[in-house]
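I open this notebook to record what I looked up in the structure shown below.

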Amino acid sequence: MSRDSILLLGESGVGKTHFGAQLLRRLMKGDGHLRMSGQATNLEPFEAALESLNEGKAAGHTATSTYVDSIWPVADAAGHHAELVWPDYGGEQVKSMISSRRVPNAWRARVRESPAWLLLIRLQQTRFGEDIFSRPLVELRGMSIENRELQISDQARLIELLQMLVFVGGVAAGNPLDRPRLGILLTCWDELGFDGTPAAALEGRLPMLAAFVRSNWCTPSVMGLSALGRPLSPHDRDNDYVSRGPEHFGYVVKPDGSRSSDLTLPIQLLLDGLR
Ligand SMILES: Nc1nc2c(ncn2[C@@H]2O[C@H](COP(=O)(O)OP(=O)(O)OP(=O)(O)O)[C@@H](O)[C@H]2O)c(=O)[nH]1
Ligand SMILES: [Mg+2]
């Protein structure tokens, strides 16, 4: 496996497949920072999504057991070449790693061999934890604890995931980490209706995770992404999408809060950090 592979992490429904499809199209078109510089292999998992987007519709959920590494040779304007190993998998695999606290062998190898991790988080999908930080103690008094299911909060789960991967990856101790590079991509940004920077959005919704990442990585990058630019339905066709073409939709929110239509930027940023 190539040194410049990026490990894409994300639970089910965060938008891995749609981002992959949109990114693939941009790389092929070649008008962003990165372009495809050779023959991409294993495009099957993204073909159905590309097809749906052409029809102005959202694509379906990826089967849980699916795990395909699609290999995309890319190059930037300066002539730097890299090989992206862009995986597509059912997001439940990530969920079950967290709940069972077990990392399957295939994942161990990937974690070890990837110098950069890109964690996709869909903030709208995360639950606010109810705890003494979000509610005064007086309100919690008298609440019955017995019949409440004990659930760990979403941000605790994501922290758990990162800790597990750092452990499995055999990353040298000594904080903060420089390798692997960590990028956080807040997906479906269009749903948030938030005007600030991606880091502020993360801080506001998942403060514990934000603090964890800040204190454990040297230079984590936090960006926003709207791969589709707007919500699409799996059933009803969006005619505007069809007539203008899916390549004219979607944007990235850079760390400073400004937007760019170049969906290759989050990858470019991670790859730049490896040099
Ligand atoms: N509003 C909005 N919705 C999006 C965007 N990207 C994806 N979605 C929707 O989010 C849902 C999940 O997207 P997927 O790409 O299938 O997510 P996934 O991470 O591949 O999920 P699994 O295959 O289950 O692991 C779909 O219903 C998409 O329509 C976006 O940029 N904006
Ligand atoms: Mg998928």
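Is Thr 62 buried or exposed? I found that Thr 62 has 14% relative accessibility and therefore counts as buried (under 20% relative accessible area; exposed is over 50%, partly exposed in between; 1.4 Å probe, protein chains only).

I note that this is a predicted model, in which local features need pLDDT of at least 70, side-chain atom pairs count only at pLDDT 80 or more, and totals for chains, interfaces and linings use all residues. Residues are numbered from 1 along each chain as written, chains are lettered from A and ligands numbered from 1 in the order written, and side-chain values use heavy atoms, without hydrogens and water.

Metal site. I looked up the magnesium ion (ligand 2) and found it coordinated by OG1 of Thr 17 and OG1 of Thr 62, at 2.0 to 2.1 Å (donors are N, O and S atoms within 2.8 Å of the metal, or 3.2 Å for Na, K and Ca; water is not among the atoms, so sites may look incomplete). Thr 17 lies in helix H1 (residues 16–29) and Thr 62 in the loop between helix H2 (44–54) and strand S3 (67–76), so the pair ties together parts 45 residues apart in sequence (helices are DSSP runs of H or I, at least four residues, and strands of E, at least two, numbered from the N terminus). Thr 17, at 10% relative accessibility, also counts as buried.

Ligand 1. I recorded polar contacts (N or O pairs within 3.5 Å) to oxygen atoms of ligand 1: a polar side-chain atom of Ser 12 lies at 2.5 Å, and one of Arg 122 at 3.2 Å.

Methods
Polar contact = N/O pair within 3.5 Å; in protein donor to acceptor, adjacent residues only side chain to side chain.
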